[in-house]
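Subject: A structure for you to look at

Hi there,

Here is the structure I promised to pass on, with some notes to go with it. Please open it first and then read on.

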Amino acid sequence: MELSDITRAIAAATSIATELDLPANDAIVLHNSNKLALRLTPSDVFARVAPVGEEVAEFEIELAQRLAEVGSPVCALEPRVDPLVYTRDGFAVTLWTYYEPVTPHVPPADYATALERLHAGMRKVDLPSPRFTDRIAEAEEIVANPDLSPELADADRVFLSGRLEGLRRAIEDRGAEEQLLHGEPHPGNLLSTKNGPLFIDFETCCRGPVEFDLAHIPVAICEHYPGVDQELLDDCRQLVLAMVAAWRWDIGDQFPDRRRLGEGFLRLLREGPPWPTLDAVDARLDGL
């Protein structure tokens, strides 16, 4: 969010919490992207705030409740208030339990076990959700429309469009079993708590092969996840690189230094395999 939106979003979240008898004298920004994550004190509430219409908050709440019921490792909703989407001043606010971090990083084996448990729980939840190909289509629209990606050179536009289409077809042709997925289970969406690793942020939830989720996490974690189709995982890793490349060229993208990163992702795609994971990409591009 832009600074002016952040100020308004914080005001919306703190006023809602206060009216719900959750004291919110201060708000600490934990993460800022398309959605703002806040720690409200002294009540210690984790608030997630997004512009109305740019979130899937009701879906997230229902999914989190269902997953908790089947024992999945997910962040709990704030128990002191009703599990609702609260709106104010054009923002949608959801309230969750705040967990004090226990360790900076979750060990790879524990991370893989938590993700395996999440996937097992998701197989028990019958909730309509998009397919992973819908996310590909969103990236393809950015690439295909010069109004959405005006800085993308014509040659790069043709290259990236072809790569997205080819990978979608290759993954679908494998005919792998599909299920409900987190969508982006990267380390930024996993909390290390005294209750063990817990996943947050289900706005990108979709249906697809588990390898699509695994493509978002470091290699060391994938090595502990059972029954992985390595060739499918490689295709999914390349797909994730292509989708992120498209998002960095989106004129509305607020990611810092997006032009340099967009060029870097295109370069990695042209270099070919082995396909790096996102954590490895960040390290490589940060050094440029």
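Helices α8 and α9 cross in a left-handed way, a term used when the near helix is turned anticlockwise from the far one by less than a right angle (clockwise would be right-handed). This is a predicted model, in which local features need pLDDT of at least 70 and side-chain atom pairs count only at pLDDT 80 or more, while totals for chains, interfaces and linings use all residues. Residues are numbered from 1 along each chain as its sequence is written, and side-chain values use heavy atoms, leaving out hydrogens and water.

Back to the two helices: the axes of α8 (residues 230-248) and α9 (residues 258-271) come within 8 Å and cross at roughly 150°. Axes here are lines fitted to C-alpha atoms, for helices over the stretch in contact, with angles from 0 to 180 degrees between N-to-C directions. The two helices are therefore roughly antiparallel (over 145 degrees; under 35 is roughly parallel, 65 to 115 roughly perpendicular, the rest oblique). Helices (H or I, at least four residues) and strands (E, at least two) are DSSP runs, numbered from the N terminus.

Which residues of α8 meet α9? They are Gln238, Leu241, Ala242, Val244, Ala245 and Arg248, and on the α9 side you will find Arg258, Leu261, Gly262, Phe265 and Leu269. Contact means heavy atoms within 4.5 Å.

Next, have a look at the sheet. Five strands form an open sheet in the order β1-β2-β3-β5-β4, with antiparallel pairing; strands pair if DSSP finds at least two bridges between them. β1 and β4 (86-88) stand at the edges with a single partner strand each, so one side of each has no neighbour in the sheet. From one strand to the next, the twist averages 30°. Helix α1 (residues 3-19) packs on this sheet and touches β1, β2, β3 (45-51), β4 and β5, its direction making about 45° with that of β2.

β1 (residues 24-32) and β2 (residues 36-42) are joined by seven bridges and form a hairpin with three residues between them. Ala24 has Pro42 as its bridge partner in β2.

Enjoy exploring!

Best wishes
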